[in-house]
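Subject: Handover of a protein model

Dear colleague,

Please find below the structure that I am handing over to you. My notes on what was found in it follow directly after.

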Amino acid sequence: MERWNGKVAVVTGAGSGIGAATAKDLARAGMITVGLDLRPVQAIEDLKKDLPKEAASRLHAILCDVTKESEVEATFKGITEKFGGVDVLVNNAGIVRMHNLLDLGHSADIRAVIDTNIKGLVLCSQWAYHSMVERSVSGHIVHINSIAGHSVINFPKLNIYFATKHAVTAITETMRQEMREAGTKIKVTSVSPGVVQTEIADVLQLPKEAPLLNPEDISGAVLYAIGTPPHVQVHEITIKPLGEVF
């Protein structure tokens, strides 16, 4: 991780769960870390309480709705003006809404999941990528995907969620090919966890005995991927809790 000291990382959905753990770990590792979230910036500011003073000084919070193109544009331009650009992007923001895909009356929920899990990921990736290219930076984009992005698990009422995560799997490979064709040294990685102890896990209402990953298990994988040598492309990491049934 030494080559990232003083460089800039952006983490979406940084107010809780995997995003919060990743933002803290990146700040501890020496990166200027900008956490984006829909919830009040105080949620990210509160993460500083868990960090040593020096690391806490590297963590910054910005209120941003990644589904809104104008907000994403303004946010990334602001990051460039204040910090110089983006070197690492962790696309963590994601939501789920529980109902059957064929039920009527839930179009707003379906749109929200698509906009957050796909559109927001692409918008942030576009701005981060161009920041890297303009500065000839060998940066890294990480997508927090899911095992749901590689198969359709027999789990009720996740409706469009599976499709959005399958899209992330395809988007990861599309980005890798585009980056290669453009002659860049920018990397892209998909990290696909099983069930993690986050707000989404709470929504799923799993049995109490269900094995779960911790958010820190996933942030550790993110740091591993971005910490690999320049010639190493970690394309996909799948992480499951021991004993998971899916």
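A compact globule of 246 residues would have a radius of gyration near 18 Å, and the protein, with 17 Å, agrees with this. The radius of gyration is taken over C-alpha atoms, and the globule rule is 2.2 Å times the number of residues to the power 0.38. Along the principal axes, the C-alpha atoms fill a box of roughly 45 × 40 × 35 Å.

Please note that this is a predicted model, in which local features need pLDDT of at least 70 and side-chain atom pairs count only at pLDDT 80 or more, while totals for chains, interfaces and linings use all residues. Residues are numbered from 1 along each chain as its sequence is written, and side-chain values use heavy atoms, with hydrogens and water left out.

Overall composition

The protein has eight helices and seven strands. These are DSSP runs numbered from the N terminus: helices are H or I with at least four residues, and strands are E with at least two. Of the 246 residues, 50% count as buried; buried means under 20% relative accessible area, exposed means over 50%, and partly exposed lies in between (1.4 Å probe, protein chains only). The protein exposes about 11600 Å², of which carbon and sulfur atoms supply 55%. Such areas come from the Shrake-Rupley method with a 1.4 Å probe, and for residues only the protein chains shown count as cover. Among contacts between residues at least 6 apart in sequence, 71% join residues at least 24 apart, where contact means heavy atoms within 4.5 Å.

Helix α4

Helix α4 covers residues 69-83 and has 15 residues. From its first C-alpha to its last it reaches 21 Å, close to the 21 Å expected at 1.5 Å a residue; the expected span is 1.5 Å times one less than the number of residues. Which residues of α4 are buried? They are Val-72, Thr-75, Phe-76 and Ile-79. These residues cover an arc of only 90° around the axis, which puts them on the same side of α4; the arc is that of the directions from the helix axis to the C-beta atoms. An α-helix has 3.6 residues a turn, so residues three or four places apart point the same way. The cover over the buried residues of α4 includes the strands β1 (8-12), β2 (32-37), β3 (59-63) and β4 (88-91), together with helix α5 (107-134). On the other side of α4, Ser-70, Glu-81 and Lys-82 are exposed. Just after this helix, Gly-84 takes a positive phi of about 100°.

Two buried polar residues

Asn-117 lies in helix α5 and is buried, with a relative accessible area of 2%. Its side chain makes a polar contact with the side chain of Thr-164 at 3.2 Å. A polar contact is a pair of N or O atoms within 3.5 Å; within protein, one must be able to donate a hydrogen and the other to accept it, and residues adjacent in sequence count only if both atoms are side-chain atoms. The side chain of Asn-117 also reaches the backbone nitrogen of Ile-95 at 3.0 Å.

Thr-189 is found in strand β6, residues 187-193, and is buried as well, with a relative accessible area of 0%. The side chain of Thr-189 makes a polar contact of 2.8 Å with the side chain of His-140. Leaving out residues up to four places away in sequence, Thr-189 touches several others, including Ile-141, Thr-172 and Ala-225.

The loop between β5 and α6

Most residues other than glycine have a negative phi. Lys-157, although not a glycine, has a positive phi of about 70°. This residue is found in the loop between β5 (140-144) and α6 (161-181). Asn-159 is in the loop between β5 and α6 and has a positive phi of about 35°, although Asn-159 is not a glycine.

Gln-42

Gln-42 is found in helix α2, residues 42-45, and counts as partly exposed at 46% relative accessibility. A polar contact of 2.7 Å joins the side chains of Gln-42 and Asp-46. The C-alpha atoms of Gln-42 and Ile-153, which are 111 residues apart along the chain, are separated by 36 Å.

Yours sincerely
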